[in-house]
Amino acid sequence: MGIFETLVLPILLSVAANKISNFFAPNIQKKIRKAYEAALNKWSVNKDVIRSRSYLLSSDFGKVANDLKLIPQDLNREDQQLLEYFKTELASDADLLTLLNSIQQEEVLRVTQLDHITLNSTHENTTIAIKELQEIKKRIIPKEKSKYLPFNYFIKNKKQPHYYILRCVKLYTETPNEMEQTTIGNTIVEVIEQTDSLRMVLLGGAGLGKTTELQQVAWEISKRKKFPIFLSLNNYTSRETNIEKYINPRWNEIPPQQLVILMDGFDEIEPGSTMQAVRDIQSFAEQNPSIKIIVSSRTNFYNKTSGEEEGSTLRDFSPYLLESLTQEDYKKYITENFTFDYDCFYKEVTQNRLLPLLENPFFLIALAEIYAEEGKLDKNKSLIIGQLIEKRLNNDIAHYKDAVKDIADNKDHIFKTLKEIATCMVVAGLRSITGKELLFLARNQNNVNLIKRATLFIKSNQRGYWQFEHSYFQEYLAAQYFADLSIDEIKKMMTGSGSGHVMPTWQNTLTLLLSLLKSTDSLFSDLIDWLVNTDPVALLGIEPERLSEDLREQIFRDIFNYYKGKLIWLDNTRINYEDYASFGSIPACIDFIVDEVLNSANELIVRMNAVYVMQRMDFSNYVNARKVLEQLISIVEDQDVSPNFISNVIDIITETNLHILQRDIDHLFDILKHRGNEYIRTSLYRFLLQKKQAERHIDYFLEGILILKNKKLNSDRSRINLLGESQNITTALLQCRSGEAICKVIEWLIGNRELLHEYHIKEWFSSIIDNAIVAYPTHKDIYQYMFRLISSIYISEHKILDKILSFFQATSTTEELIDILLNNYADDHNYIWIYILSRILSPDNYQIIIEAYIAKKLTDDDLKGLCRNIYNNKQRLNLRKEIRKQTGLKIIFPRNLDWNKHNQEKIQAGFDILFDVERFKKECEEFVSRYSPLTQNKYNGIRRKRIMKGKGEDVANRSVMSLIENILYHDDKIKLTPQLVRSYIHDWNLISEIYEILKNDSEKK
């Protein structure tokens, strides 16, 4: 076992595992960095690659160790080679070698054995290094008294959520349009990883799965080496005003950057303590800026914008909306967890008008369970909850039938007691209560014992507290209780005074109460009359079909006109566009909202409110759908309409069923394809994707990449790029499968190959190659495009080359590729083509290569380069033997050049010339004169050939090249001549370059 494996490798592995690169003692850190950078310079001549890898080292050495993995058999060939260079450089350091030799190797097989190191030398540097290693050990190995904490240590519920569907969130902004256009759906885990100082309020309706989401987030981030702490705020009281008192005291042992605190149930804090909770949470956040904090709340309890009542919003916390489930989500959930036919289930849900309920995880699970057991579904939401409660009580009776017979005998009594407890909790605004409070509400211990055996009422995550299994059960049982009260008692309870709006804490209970009552009940009529006159918004949660269409239209108009008169956004704490649009999906309401959109005399905010509602309406059975479509297209055609408004009109056409035809799609695209505005392009991308037209117009998406890169300017566009633009472009390219569209994409890549390293292009590049493989049998032209693409790639771009080569290997066209390469051999492509041959060569192809050499298509240097680039040592040796056997050519590789020394010499030469102004000017003029007039494209071609050769040879002094690059890239239209380049040379240029070299070269400092 070598010195690297015995000492250095264990140290690095421990460092990587424990993320403590910042604890390296200075001498050790400097030696390792120097060795790594020397290895990089031997490994690659690509400055960008070296720079990115070096930056990784300086920012976090643990990431470098993890990047290399340090396990040779798990690495790709390139990283294996880098690892070998790294080992050599580490062992070649004189001081480090002295240190290593002074240690008895049999005693240092693990870092934890540094206690037992015996020195054979008193060398001063050795002693210093030993102390540094021992200091590292102290920081790596935990103290004996302090136990290692697993990443899930603070998760109280050690079982992950049984039912979970991956969810996305969107950042909420004060202007609804901004939210729609500038955000993309990410998971909470993605937001956590992408945001340094996260302060999030997670918003969603009742039963939307906020608690389950945070529980799952806790498990997911614990797998990513972070410590989640899950807190239930339903037990918070203003008597305990330090939020830290609710957190496990060992949280102080964790680095703050690794902590994520998840506070669940902001809306469940008792009403009198809410303002104190806001102050406590904000104070904790300010005192711990590095800790990421997420607070969940029901939407209607939290003021999402700063313009509402003071103190009701957490300062500096960004509100995120938990997105509803999609059809793909609930189809996947049902097919994976149930055996019944999904299509039959979906049909019944649709016929019973229960489809909106499926967007809520609670009701999705409930409806699926009921349908699995009974084979049918009720239309009434409250009756569905009632069925679930009945089912749970019956299950409890069956479970305890032989042990506790009192449950079966007292079923009605248990139900009555639970209704009273639920009502008291709703009145008090509580989600959980203590055991003492439970005893008080249940009246005696016998009732408590019965209730505890009902799965409806369970232990809270907070020790000593009890709560209903789901808030819907608590609110349903309270609604049952209120069904026996008078209208005056209900009004007083729900408004706090008997007049005014319904308090937010009562909204769900009121909705369930209305759902429970029959339309013929006098209480139902009294409630409707009261709410229509005082608080029509409170009626939006009711099943709309229970009201007459005339009454629905009146309520719909009254609500819109109220906000129209105030000139404020419709979407706020008490109302959202989805509920409002669903309530108004009848012809009369649609007519009304369409007129508001088309009325140019309306203020913009009024028209935008109408647009957002219209985007969410159902036009399936609307007889005037085609007429509305034509009216919307006329708005798009009007050049005087603002791009923002046009964008939202496009979204209406995209999201709603307006009976659009292919000719309408083509017409709309022709109208808008020349517009560069970011809002219009984002919406048009989405429109083409939704209408399955992306491949047909793939050129439009490719053009969008250049616009995002500011390579294709448009006066119609502002200086911002929307996140939705790049996301939609990426989606279109990931879905690109037809041969014709793939050829267009490859042609674009050939013309814009410098963008191949861009993040968003990397996302879809591999998919294009994979889809090209699938399309090739029916679209043979793809082969020629792939050959042109591979011919345009630099030799240093190993991963891109290998991915392109996978096409030829998968389509069994490697022999054809070899034949084309040999028959079209050109000096300006020889290095890249030799490299390509080395990657696809197999023993079956040896004879082709040898015959090409005999026919003088390949030179001695070509064969040497071919052998040098073959990674497989056995294959390389066999080819050399075969070449010597048939041609007599003996291929001998020279000893490896000291690339580190070679690179330092070039840096030194570039540094020295800066102190000789006349020589600097002369070399600048000589270089430019060889290619005069020198343009940016011509220079790129020169540089490309140099990189393709892979030898790292500079065509001129580095400082000379640096100046010329700055001139050419500052003005891509310039034509540089010797006289012109001299005019750019000033003392300050040289001083600036000297500064840059000194800044980046520690030895010259």
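**Figure 1. Helix α14 in the predicted model, residues 361-374.** Helix α14 contains 14 residues. From its first C-alpha to its last, the helix reaches 20 Å, close to the 20 Å expected at 1.5 Å a residue. Just after α14, residue G375 takes a positive phi of about 75°.

**Figure 2. The covered residues of helix α14.** Helix α14 is mostly covered, with 11 of its 14 residues buried. The buried residues include P361, F362, F363, L364 and I365. Also among them are A366, L367, A368, E369, I370 and Y371.

**Figure 3. Strand β5 and its pairing with β2 and β4.** Strand β2, residues 199-204, runs parallel to β5 and is joined to β5 by six bridges. In one of these pairings, V201 has V295 of β5 as its bridge partner. Strand β4, residues 259-264, also runs parallel to β5, and four bridges join the two. Here the bridge partner of L262 is I294 of β5.

**Figure 4. The protein chain that holds these elements.** The chain has 48 helices and nine strands. Of its 1005 residues, 51% are buried. Among contacts between residues at least 6 apart in sequence, 71% join residues at least 24 apart. The chain exposes about 48900 Å², and carbon and sulfur atoms supply 48% of this area.

Terms used. Residues are numbered from 1 along each chain as its sequence is written. This is a predicted model: local features need pLDDT of at least 70, side-chain atom pairs count only at pLDDT 80 or more; totals for chains, interfaces and linings use all residues. Side-chain values use heavy atoms; hydrogens and water are left out. Buried means under 20% relative accessible area, exposed over 50%, partly exposed in between (1.4 Å probe, protein chains only). Contact means heavy atoms within 4.5 Å. Accessible areas come from the Shrake-Rupley method with a 1.4 Å probe; for residues, only the protein chains shown count as cover. The expected span of a helix is 1.5 Å times one less than its number of residues. Two strands pair if DSSP finds at least two bridges between them.
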